[in-house]
Amino acid sequence: KNMPPDTTAEKPTGKPRPPFLAPKGVKNVALGKPVTGSDTSPITGELKQITDGKKDAFDENVVLLRKRTQWVQIDLLEQYAIHVILVWHEHKSPVVYRDVIVQASDDPEFKTGVQTIFNNDQDNSSEQGVGTGREYFEGYEGKLIDAKGVKARYIRCYSKGSTDNALNAYTEIEVFALPAK
């Protein structure tokens, strides 16, 4: 009802997200894949929960990471042409997550060949470059990010707290893709 201060987020429409058209045959290639993170010992949950397929807004589904900029990374185990990435932070109540950055690479260290797919860090406080994306209210549908067929093996997602608190929460990440050719 009341917009949080200092946010660029659009007001929620209250309507379902329009359908996203992706190539025939895409599937969630992140399901059950290995997850690592900058916070190797989460406050609650385990990193492997981020690709377990459970995206409902229940406390037991949330992996809670410490303050400051944190990242989680999925190893897809092979290169894919990635069309859609869906990210769910904690979504029991409408909050805005800060510095949401999604990157792809074939380098597990993310030192070379890094492609930024989404970035709403407009002041570069997470030091991954200035983003042009808008902040958004987290919801049950997750944040849908058009990856435009980028080819990569690894996906890394950053965040830096929310309008609710300084901790970083992740519930699920899905990556819809086709095998790279």
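Which residues of the largest nonpolar core touch the most other members? They are Val72, Leu76, Ile82, Ile85, Ile155, Ile173 and Val175, in a core of 35 residues. A nonpolar core is here a set of buried Ala, Val, Leu, Ile, Met, Phe, Trp, Tyr and Cys residues joined through side-chain atoms within 4.5 Å. Two or more residues of this core come from each of the strands S3 (63-65), S4 (70-88), S5 (101-105), S6 (115-119), S7 (143-159), S8 (168-170) and S9 (172-179). Strand S4 gives the largest share, 7 residues. In soluble globular proteins, nonpolar side chains tend to be buried together.

The model is predicted, so local features need pLDDT of at least 70 and side-chain atom pairs count only at pLDDT 80 or more, while totals for chains, interfaces and linings use all residues. Residues are numbered from 1 along each chain as its sequence is written, and side-chain values use heavy atoms, with hydrogens and water left out.

Beyond its neighbours within four places in sequence, Val72 is in contact (heavy atoms within 4.5 Å) with residues including Val35, Leu47, Ile50, Leu65, Ile155, Tyr170 and Ile173.

**Overall form**

The protein chain has 9 strands and 0 helices; both are DSSP runs numbered from the N terminus, helices being H or I of at least four residues and strands E of at least two. Along the principal axes, the C-alpha atoms fill a box of roughly 45 × 35 × 35 Å. Of the 181 residues, 46% count as buried. Buried means under 20% relative accessible area, exposed over 50%, and partly exposed in between, with a 1.4 Å probe and protein chains only. Among contacts with a separation of 6 or more, 77% join residues 24 or more positions apart.

**Charged pairs**

The structure holds 8 salt bridges, each a side-chain nitrogen of Lys or Arg within 4 Å of a carboxyl oxygen of Asp or Glu. Three of them are listed here.

| Salt bridge | N to O distance |
|---|---|
| Lys48 and Glu46 | 3.8 Å |
| Arg153 and Asp75 | 2.8 Å |
| Glu90 and Lys92 | 3.2 Å |

Arg153 in strand S7 and Asp75 in strand S4 are 78 residues apart, and their pair links distant parts of the chain. Arg153 is partly exposed at 27% relative accessibility, whereas Asp75 is buried at 15%. Lys48 counts as exposed because its relative accessibility is 57%; Glu46, at 44%, is partly exposed. Glu90 and Lys92 also belong to a network of salt bridges that includes Asp59.

**Aromatic rings**

The whole structure contains 1 aromatic pair. Rings of Phe, Tyr and Trp (its six-membered ring) pair if their centres lie within 6.5 Å; planes under 30 degrees apart count as stacked, over 60 as edge-to-face and the rest as tilted. Phe118 and Tyr136 are edge-to-face, with 6.3 Å from centre to centre and 70° between the planes. Phe118 lies in strand S6 and Tyr136 in the loop between S6 and S7, so the pair ties together parts 18 residues apart in sequence. Phe118 is buried at 13% relative accessible area, and Tyr136 is buried at 9% relative accessibility.
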